[in-house]
Amino acid sequence: MIPYDLESRHRVLLFEGAQQSTPIPRQLISPSGAGGATHHPIQITQNPSSYAKAFATFMSALQKGEFVKLVLSRASEWEWNGDETELMEAFHRACNLYPRMMIYLAQIPGEGVWMGCTPEILVSGSGNHYRTMALAGTMSVPDTVPVKNIVWSEKNRKEQEIVADYIRESVSPYVRILEEEGPYTSRAGQLVHLKTEFHLAPSPDTQHSSPIIHNLIKTLHPTPAVCGLPAKEAAAFIREYEGYDRSYYSGVVGMLDEDSESNLFVNLRCAHFQGGRLTVYGGGGILKDSNLGSEWNETNWKMNTILTTL
């Protein structure tokens, strides 16, 4: 696990050990998502006024032309007194509800428990083939609506294009793009996103330098999908004006293996459990024509991904 902000107090965490397969008990994964949990989250803070204030600050910078895009996120606190068994039940329900996402549950000494259901690959692969993606633009669309019938706004298309352009440019010193697929509509739970996939091969002159996976992590994290553009300046702006500590939200989580296959994801749709408190995170890309109400709703949709499992 890598924190969003490498200049923060949060550590890069490495959990070493052999991988093993564990079957999921069927009684914990009914299709309705119901399980044995008896504790339900009780909301403590929502902070719409704090979000609105930050939104106004972000919009001002965008309209002045200081940034092409900024990502504004927020944290919502809940009271939740579930035990270890209920956390495992939530994890199992997430695996059933979101089969196309990366689901994880991690206990961190001194920092509680993190759980996430993320749809976004930062980088995956090995040897001569790696994959990354531009995932930006979000809508809440019922499962009954065919993907081919979904129409995207100009704002969502522009947001996705910004991230795709950044990836093309930033990976070019290390890899060549073998294939590009998209943008196309991709489902992630109750949400849909615009996605472009990139298939990559190491450039000949990088074959004998540091492991290519390290270079790709450094150049891609944080992407404009969680930060903004220009990236370095956007990161500094978010640190000053977003109003809270993202911790591991929008950082990196997954399996890292320099000698075999790595699968690393952007830590989205995640929650932090500690001391009877549950903190849920959600964010969205802000452009100069963004709307406060729409962006607030998007953060709620994303938070519901993890809340549904509880």
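Author: Two rings of Phe, Tyr or Trp (its six-membered ring) make an aromatic pair if their centres lie within 6.5 Å; planes under 30 degrees apart count as stacked, over 60 as edge-to-face and the rest as tilted. The whole structure holds 10 aromatic pairs. This is a predicted model, in which local features need pLDDT of at least 70 and side-chain atom pairs pLDDT 80 or more, while totals for chains, interfaces and linings use all residues. Residues are numbered from 1 along each chain as its sequence is written, and side-chain values use heavy atoms, without hydrogens and water.

Reader: What makes Phe 58 and Phe 237 an aromatic pair, and which kind is it?

Author: Their centres are 5.2 Å apart, and the limit is 6.5 Å, so the rings pair. Their planes stand at 75°. That is over 60, so the pair is edge-to-face. The pair links distant parts of the chain: Phe 58 sits in helix H1 (residues 48-63) and Phe 237 in helix H5, 179 residues apart. Helices (H or I, at least four residues) and strands (E, at least two) are DSSP runs, numbered from the N terminus.

Reader: How do you know whether Phe 58 and Phe 237 are buried or exposed?

Author: Buried means under 20% relative accessible area, exposed over 50%, and partly exposed in between (1.4 Å probe, protein chains only). Phe 58 has 0%, so Phe 58 is buried. Phe 237 has 11%, so Phe 237 is buried too.

Reader: Which residues do ring pairs link into a cluster?

Author: Trp 114, Tyr 244, Tyr 248, Tyr 249 and Tyr 281.

Reader: Is Ser 247 buried or exposed, and what does it touch?

Author: Ser 247 has a relative accessible area of 10%, so it is buried. Ser 247 lies in the loop between H5 and E10. Residues up to four places away in sequence aside, Ser 247 touches Pro 3, Tyr 4, His 10 and Trp 114. Contact means heavy atoms within 4.5 Å.

Reader: How is Gly 110 classed, buried or exposed?

Author: Gly 110 has a relative accessible area of 74%, so it is exposed. Gly 110 is in the loop between E3 and strand E4 (112-118).

Reader: Why are E10 and E11 called paired?

Author: Two strands pair if DSSP finds at least two bridges between them. E10 and E11 have four, so they pair, in the antiparallel sense. Gly 254 stands opposite Leu 264 in E11. A hairpin of six residues joins E10 to E11.

Reader: What makes a space a pocket?

Author: On a 1 Å grid over the protein atoms alone, a pocket is an open set of points where a 1.4 Å probe fits, with protein on both sides within 12 Å along at least five of seven lines; lining residues have an atom within 4 Å of a point. A volume is the space filled by probe spheres set on the points, which are joined across faces, edges and corners.

Reader: What is the volume of the largest pocket, and which residues are closest to its centre?

Author: The largest pocket has a volume of about 1500 Å³. Of its 36 lining residues, Phe 15, Gln 19, Met 102, Gly 254 and Met 255 are closest to the centre. E3 gives the most to this lining, six residues.

Reader: How do the lining residues of the largest pocket divide by class?

Author: Into 24 nonpolar, nine polar and three charged. Nonpolar means Ala, Val, Leu, Ile, Met, Phe, Trp, Tyr, Cys and Pro; charged means Asp, Glu, Lys and Arg; the others, Gly among them, are polar.
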